[in-house]
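Visitor: I have the model open. Please show me how to read its features one by one.

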Amino acid sequence: MFTGLVEETGEIVEVREGPFLRVRIAAKEVLSDLKVGDSVAVDGVCLTAVEVDEGGFWVELARETLRRTAPTWRVGHRPNLERALKVGDRLGGHFVTGHVDGVAEVVAIREAPGAKDYFFRPPQDLARYIAEKGSVALNGVSLTVAGLKGQDFFVTLIPHTLKVTNLGSLKVGDGVNLEVDLIARYLERLVKGE
């Protein structure tokens, strides 16, 4: 479980093909107490650290993970990183599981007073889980939905978020990892009586 409050952006420095895609991520902050077997949200994807050293850590991605996430698993990409929540930690953001639901596409970027509005088009089957003033996680960042326009939604990013996450480097046409609010999924299931 995560909060969606990014600790740092790392850098993918090596990628190895195989039965699993092995990815080495250079980092600083998350290494302070990271050990093999710990969970790390990498652009919102809950992954297990399989090797850790003083300069970074390795993760392995299954084909299912690659199928469901944005195609950013390449050298030079700077993913948002967050260690798993510990019992007793403060909960800013919202509950983020690290189980990405799909990829949302940036469809527009608009200047706003002191900030920027980013408009996203989610996969059609996920749009129903996104509500104005509700929560979403985009590349692992906990955000409030500022508004809806048809099936599209937008978030307003303040200068701090633009600076400390990789969302500020997004361009129209880019994909981001989208995790919808967990509570919305459970409410739908309860209402349907399944």
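Guide: Start with patches. They are made of residues with over 30% relative accessible area and no salt bridge; like charges are joined within 9 Å, nonpolar side chains (Val, Leu, Ile, Met, Phe, Trp, Tyr) within 5 Å. A salt bridge is a side-chain nitrogen of Lys or Arg within 4 Å of a carboxyl oxygen of Asp or Glu. Areas come from the Shrake-Rupley method with a 1.4 Å probe, and for residues only the protein chains shown count as cover. Here Met1, Leu91 and Phe95 form a nonpolar surface patch, with about 280 Å² of accessible area together.

Visitor: What kind of model is this, and how are residues numbered?

Guide: The model is predicted: local features need pLDDT of at least 70, side-chain atom pairs count only at pLDDT 80 or more, and totals for chains, interfaces and linings use all residues. Residues are numbered from 1 along each chain as its sequence is written, and side-chain values use heavy atoms, without hydrogens and water.

Visitor: Where is Met1 placed, and why does Met1 count as partly exposed?

Guide: Buried means under 20% relative accessible area, exposed over 50%, partly exposed in between (1.4 Å probe, protein chains only). Met1 counts as partly exposed because its relative accessibility is 43%. Met1 sits in the segment before β1 (8-9). Strands (E, at least two residues) and helices (H or I, at least four) are DSSP runs, numbered from the N terminus.

Visitor: Which residues have the most contacts inside the largest nonpolar core?

Guide: A nonpolar core is a set of buried Ala, Val, Leu, Ile, Met, Phe, Trp, Tyr and Cys residues joined through side-chain atoms within 4.5 Å. The largest has 21 residues, and Phe120, Val136, Leu138, Leu143, Phe153, Val155 and Leu178 have the most contacts inside it. Elements giving two or more residues to this core include β9 (102-112), β10 (115-121) and β15 (175-180). Another core, of 19 residues, lies apart from it; Ile25, Leu34, Val42 and Val45 are among its members.

Visitor: What does Leu143 touch?

Guide: Contact means heavy atoms within 4.5 Å. Leaving out residues up to four places away in sequence, Leu143 touches His94, Gly134, Ser135, Val136, Leu138, Val155, Leu157 and Leu167.

Visitor: Now backbone angles. Is Lys133 buried or exposed, and what is its phi?

Guide: Lys133 is not a glycine, yet its phi is positive, about 70°. Lys133 lies in the loop between β10 and β11. Lys133 is exposed, at 60% relative accessible area.

Visitor: And Asn139: buried or exposed?

Guide: Asn139 is buried, with a relative accessible area of 4%. Asn139 is in the loop between β11 and β12. Its phi is also positive, near 50°.
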